[in-house]
Amino acid sequence: FTLVELLVVIVIIGLLAGLSFPAISGAMAKAKSSECVNNLRQIGTAMNLFASENNGYLPYASGPNAAGSGDSWAFNNWQAPLAVIMGVGIGSASFPSQASFQNAKAKHPFNCPACKTGFRTYTANMRGMGFLPGGNAWPRRKIASLVKSSQLILVADDTFGDPAPANGGQDQFDESSYTNRIGIRHGGRANALFGDFHVESVSVS
């Protein structure tokens, strides 16, 4: 190779790398979104199991739980009993200590793989699941009582990791706060678990 030929080869390799980068990035983003969808399906399955053991009731979005937050490392509110059901609670084989999962890189169903800035990266519907703190009168809900369950979001991506988040991520949302608390980390969209336990990508507006 002459120097000119070598430079031409280097330029061609650089151009090919530049052309392929968007495709590789897009494929990685789709893979992370698919893993997030799988997380939400696991959460939905755990919710169904929780309901079958609790007279058809969903866990509270915030408030007392059958298992209690003390039964699962760092998980609280709606996540606590589900973490126990999914085997990621206190002393589990996968997470024997709090430090083993209390970070953004820990692989458990409550961490969206597209978020690298926080853990427990999903938010739950206070109105749809019940909310008790401060004496609030929103009661815990039974699956059978949900109206238009296929259109009712129960759990979705939160705002951790968004390009310009309105907050650092909240565990709950309602009809007045969902645009600020449901995140759009998957190509400007959010993945969401609905009341009939199907999962789909949604626009937040």
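Biologist: In which sense do strand β2 and strand β4 pair, parallel or antiparallel?

Modeller: This is a predicted model. Strands of a sheet pair through backbone hydrogen bonds, either parallel or antiparallel. Strand β2 covers residues 153-157 and strand β4 covers residues 190-194, with 3 bridges between them. Alanine 156 stands opposite alanine 192 in β4. The sense of the β2 and β4 pairing is antiparallel.

Biologist: Which are the edge strands of the sheet?

Modeller: The sheet is open, has 5 strands with mixed pairing, and runs in the order β3-β1-β2-β4-β5. An edge strand pairs on one side only. The strands that do so are β3 (172-173) and β5 (199-202).

Biologist: Which element gives the largest share of the largest nonpolar core?

Modeller: The core has 27 residues, and Ile43, Met47, Trp78 and Val155 have the most contacts inside it. Two or more residues come from each of α1, α2 (79-85), β1 (122-125), α3 (126-129) and β2. The largest share is 7 residues, and the element that gives it is α1.

Biologist: How many residues are in the other core, which includes Ile153 and Val204?

Modeller: This core lies apart from the largest one. Ile182 and Ala190 are also among its residues. The number of residues in it is 9.

Biologist: Is phenylalanine 197 buried or exposed?

Modeller: Phenylalanine 197 is found in the loop between β4 and β5. It has a positive phi of about 75° although it is not a glycine. Its relative accessible area is 17%, and the cut-off for a buried residue is under 20%, so phenylalanine 197 counts as buried.

Biologist: Is asparagine 55 buried or exposed?

Modeller: Asparagine 55 lies in the loop between α1 and α2. This residue is not a glycine, yet its phi is positive, at about 55°. Its relative accessible area is 59%, and exposed means over 50%, so asparagine 55 is exposed.

Biologist: What is the relative accessible area of glycine 188?

Modeller: Glycine 188 has its place in the loop between α4 (178-181) and β4. Its C-alpha atom is separated by 9.2 Å from that of valine 202, 14 residues apart along the chain. Glycine 188 is partly exposed, and its relative accessible area is 41%.

Biologist: What accessible area do Leu3, Leu6, Leu7 and Ile10 have together?

Modeller: These residues form a nonpolar patch on the surface. One of them, leucine 7, is found in helix α1 (residues 3-53) and counts as partly exposed at 47% relative accessibility. Together the four have an accessible area of about 410 Å².

Note on methods: Residues numbered from 1 in each chain as written. Predicted model: local features only at pLDDT ≥ 70, side-chain atom pairs only at ≥ 80, totals over all residues. Heavy atoms only, no water. Patch = residues over 30% accessible without salt bridge, like charges linked within 9 Å, V, L, I, M, F, W, Y side chains within 5 Å. Areas by Shrake-Rupley, 256 points an atom, 1.4 Å probe, with all protein chains shown as cover. Salt bridge = Lys/Arg side-chain N within 4 Å of Asp/Glu carboxyl O. Helix = DSSP H or I, 4+ residues; strand = E, 2+ residues; numbered from the N terminus. Buried < 20%, exposed > 50% of the residue type's maximum accessible area, 1.4 Å probe, protein only. Pairing = 2+ DSSP bridges. Core = buried A, V, L, I, M, F, W, Y, C linked by side-chain atoms within 4.5 Å.
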